[in-house]
Amino acid sequence: MKVVVGKVSDFENGDRKIVDVNGKSVGVFRIDDQFYAIRNRCPHQFGPLCLGSLAPRAVSDGPGTVLMDPGPPLLACPWHGWEYDIATGQSFMGPGRGNRSARRYDVSVLPGSELVGPAEGQARSDGRVPGPYLAETVPVSVEQDYVVVDG
Ligand code: FES
């Protein structure tokens with residue numbers, strides 16, 4: 001069922017509104033003139049996901065290079081910091097479990113011929129490895145001058 005959540009002019013670029021869509025709390029965001037809607041319920045422990053902060057994704061094509069991806073930002077849950085792709089709801093980063101100390105890794109030097117790419121299904125083409133959670137996203141559209149969430 002489609003729910004009108006406001007006029008386009010009610011949303012300044014960067015605004016978010018938390019609205020009720022058929023009994024579900026949903027956050028509607030306007031970012032770079034795109035609209036996104038995501039359920040205000042973190043899949044981790046049900047925190048108020050849409051009250052969290054937004055940040056661009058940092059990407060790198062190698063050591064010493066860090067760029068900000070111009071695509072949809074990540075939304076960090078205010079409770080424990082898990083981050084979600086605001087467009088797909090996919091989690092990517094979050095706090096470790098149990099022991100808070102950093103995990104150590106063995107380091108070795110190998111010839112390139114011994115190196116292979118990530119195992120199939122492990123990493124996406126952009127190098128990001130999906131996390132265990134998937135936040136529920138909701139289709140959102142602009143019909144004439146109204147923002148409509150399809151919940
Ligand atoms: S409840 Fe959202 S990260 Fe834990």
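Predicted model: local features only at pLDDT ≥ 70, side-chain atom pairs only at ≥ 80, totals over all residues.
**Ground rules.** I kept in mind that local features need pLDDT of at least 70 and that side-chain atom pairs count only at pLDDT 80 or more, while totals for chains, interfaces and linings use all residues. I number residues from 1 along each chain as its sequence is written.

**Entry 1, the chain as a whole.** I looked up the secondary structure and found zero helices and twelve strands, where helices (H or I, at least four residues) and strands (E, at least two) are DSSP runs numbered from the N terminus. Along the sequence the pattern therefore reads β-β-β-β-β-β-β-β-β-β-β-β. I then checked burial: 23% of the 151 residues count as buried, a residue being buried if 20 or more other C-beta atoms lie within 10 Å of its own, exposed if 12 or fewer, and partly exposed in between, with C-beta atoms placed from the backbone. Among contacts with a separation of 6 or more, 49% join residues 24 or more positions apart; two residues are in contact if their C-beta atoms, placed from the backbone, lie within 7 Å.

**Entry 2, the sheet E2-E3-E4.** I traced an open sheet of three strands in the order E2-E3-E4, with antiparallel pairing; two strands pair if DSSP finds at least two bridges between them. E2 and E4 are at the edges with a single partner strand each, so one side of each has no neighbour in the sheet. Neighbouring strands here are turned by 30° against each other on average, direction ignored; the axes are lines fitted to C-alpha atoms, for helices over the stretch in contact, and angles run from 0 to 180 degrees between N-to-C directions. Six bridges hold the antiparallel pair E2 and E3, and I noted Val-21 opposite Lys-24 in E3.

**Entry 3, the sheet E1-E12-E11.** I found another open sheet of three strands, ordered E1-E12-E11 and antiparallel in its pairing. Its edge strands are E1 (2-7) and E11 (140-143), each pairing on one side only, and its neighbouring strands are turned by 30° on average, direction ignored. E1 pairs with E12 (residues 146-150) over five bridges in the antiparallel sense, with Lys-7 opposite Tyr-146. E11 and E12 also run antiparallel, joined by four bridges, and Ser-141 has Val-148 in E12 as its bridge partner. E11 and E12 make a hairpin with two residues between them, and Gln-144 in the turn has a positive phi of about 55°.

Asn-22 counts as exposed because 10 C-beta neighbours lie inside 10 Å. Phe-46 likewise has a positive phi, near 70°, and is in the loop between E4 (34-39) and E5 (54-55); with 11 C-beta neighbours inside 10 Å, Phe-46 counts as exposed.

Is Ser-91 buried or exposed? I found that Ser-91 counts as buried, because 21 C-beta neighbours lie inside 10 Å. Ser-91 belongs to strand E10 (residues 91-93). Leaving out residues up to four places away in sequence, Ser-91 touches Trp-82, Glu-83, Tyr-84, Gly-131, Pro-132, Tyr-133 and Leu-134. For Tyr-133, 42 residues away along the chain, I noted a C-alpha separation of 5.2 Å from Ser-91.
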